[in-house]
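Thanks for taking a look at this one with me. Below are some points I would go through with the structure open beside the text.

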Amino acid sequence: MTRQGGDHIELDDDALKAVANGTRLRLVESLGEAVEGGGYGTRRFSELMTEVGLSDSGRMAYHLDKLRKQAYVERTDDGYRLTLRGLRIYQFVRSGVLSRSPEVGPFETDLLHEACGNPLSIRYENQRVCGICETCGVTVESVPVRPSSFDPDRLETLERAMQRQLWAENFTLTQGCCLHCGGTVETDFRSPHEDGGDGASVDGPQVLFVCNVCHWFHTAGVAYAGYLHPAVVAFCHERDLDIREHHLLDPPVDVPRPEVRSEDPWRVAVTYAYENDAITLTFDDDLTVHSVTTQQGGAASPQA
Ligand SMILES: [Zn+2]
Ligand SMILES: [Zn+2]
């Protein structure tokens, strides 16, 4: 796999300074709010002055110039509009990452703690949704969710935001892409006995996903890599299941402990079972699937 470490990405002082200013951020916001109907919206100089509350047109021209020099904003026949780069700044601001995030919960969900069978509570703090088992006193999952993804006054939207985030991240990570920075993600297998103490892990070997650019990481059992594999999606679809409608932490298929067939090279067989049927995928440590086998009512039929 080619390493793409994002070495060509430079931190540019002037680019940061251009948006590190209240008036200019308000300009970006105003132009961002003009984006509608599937197109970049345009605002006139005078409209922008009113929007950001400036009465001095010289000051206004100065601020617009700063944004234009950094290619956040461009001039058109009708006025000013954001460039893609400017729209990215607007999106980042709107995502709430820069805001003080609300703290919400804990409140009980329908999700169950696999280890003890008691309901999980979820709580939002520090821009993460945490799944907590009050009975066992443990945090089962901690999922980064942007403050924009839910409505703090409607708690059910938080659980939905967590579910969407988990699937989106699953899809991009298994495609080798970082959801957060767009960098290349590499994978590495860890034996359950490698880190000592955790030899009895029910998940079998763990996959470590690491982004080469921003160093975002995620660890999961190998089964995680197969939930959205076309063969598993089709297996579910044939049984009237849409796996994406379920919570990734509580998928509609049973996943017994994966079978390690070889460690050098890695070959790990993961079975996804539903009622009397099952499908087994064999992964290597690049998450390439080497074989797919389905068992219907106990009889196996290899597909690849
Ligand atoms: Zn528990
Ligand atoms: Zn990244």
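**Notes on the model**

The crossing of helices H2 and H3 is right-handed, where a crossing is left-handed if the near helix is turned anticlockwise from the far one by less than a right angle, and right-handed if clockwise. Please keep in mind that this is a predicted model, in which local features need pLDDT of at least 70, side-chain atom pairs count only at pLDDT 80 or more, and totals for chains, interfaces and linings use all residues. Residues are numbered from 1 along each chain as its sequence is written, while chains are lettered from A and ligands numbered from 1 in the order in which they are written.

1. **Overview.** The chain has 7 helices and 14 strands; helices (H or I, at least four residues) and strands (E, at least two) are DSSP runs, numbered from the N terminus. Along the principal axes, the C-alpha atoms fill a box of roughly 75 × 45 × 40 Å. Of the 304 residues, 23% count as buried. A residue is buried if 20 or more other C-beta atoms lie within 10 Å of its own, exposed if 12 or fewer, and partly exposed in between, with C-beta atoms placed from the backbone. Among contacts between residues at least 6 apart in sequence, 42% join residues at least 24 apart; two residues are in contact if their C-beta atoms, placed from the backbone, lie within 7 Å.

2. **H2 against H3.** Helix H2 (residues 22–33) packs on helix H3 (residues 45–52) at an angle of about 120°, with the axes 10 Å apart. Axes are lines fitted to C-alpha atoms, for helices over the stretch in contact, and angles run from 0 to 180 degrees between N-to-C directions. That makes H2 oblique to H3; angles under 35 degrees count as roughly parallel, over 145 as roughly antiparallel, 65 to 115 as roughly perpendicular and the rest as oblique. H2 contributes Thr23, Arg26, Leu27 and Ser30 to the contact, and H3 contributes Leu48, Glu51 and Val52. These residues divide into 3 nonpolar, 2 polar and 2 charged. Here Ala, Val, Leu, Ile, Met, Phe, Trp, Tyr, Cys and Pro count as nonpolar, Asp, Glu, Lys and Arg as charged, and the others, Gly among them, as polar.

3. **H2 against H5.** What angle do the axes of H2 and helix H5 (residues 84–94) make? They cross at roughly 100° and come within 9 Å, and H2 and H5 are therefore roughly perpendicular to each other. On the H2 side are Leu25, Val28, Glu29, Leu31 and Gly32, which meet Gly86, Leu87, Ile89, Tyr90 and Val93 of H5. By class, this contact has 7 nonpolar, 2 polar and 1 charged residues.

4. **The E7-E8-E9 sheet.** Three strands form an open sheet in the order E7-E8-E9, with antiparallel pairing; two strands pair if DSSP finds at least two bridges between them. Strands E7 (185–190) and E9 (217–221) stand at the edges, each with a single partner strand, so one side of each is left without a neighbour in the sheet. Neighbouring strands are turned by 20° against each other on average, direction ignored.

5. **Strand E8 and its partners.** E7 pairs with E8 (residues 206–211) over 6 bridges; Phe189 has Val207 as its bridge partner, and Val185 stands opposite Cys211. On the other pairing, E8 and E9 share 5 bridges, and Val210 is partnered by Phe217 in E9. The E8–E9 hairpin has 5 residues between its strands, and His215 in the turn has a positive phi of about 70°.

6. **Backbone points to check.** Most residues other than glycine have a negative phi, and most peptide bonds are trans. The bond from Gly105 to Pro106 is cis, with omega near 10°, and Pro106 is in strand E3 (residues 104–112). The bond from Asp264 to Pro265 is also cis, with omega near 0°; Pro265 is in the loop between strands E10 (259–263) and E11 (266–274). Ala71 has a positive phi near 60° and is in the loop between helix H4 (57–69) and strand E1 (73–76). Asp240 has a positive phi of about 60° and is exposed, with 7 other C-beta atoms within 10 Å.
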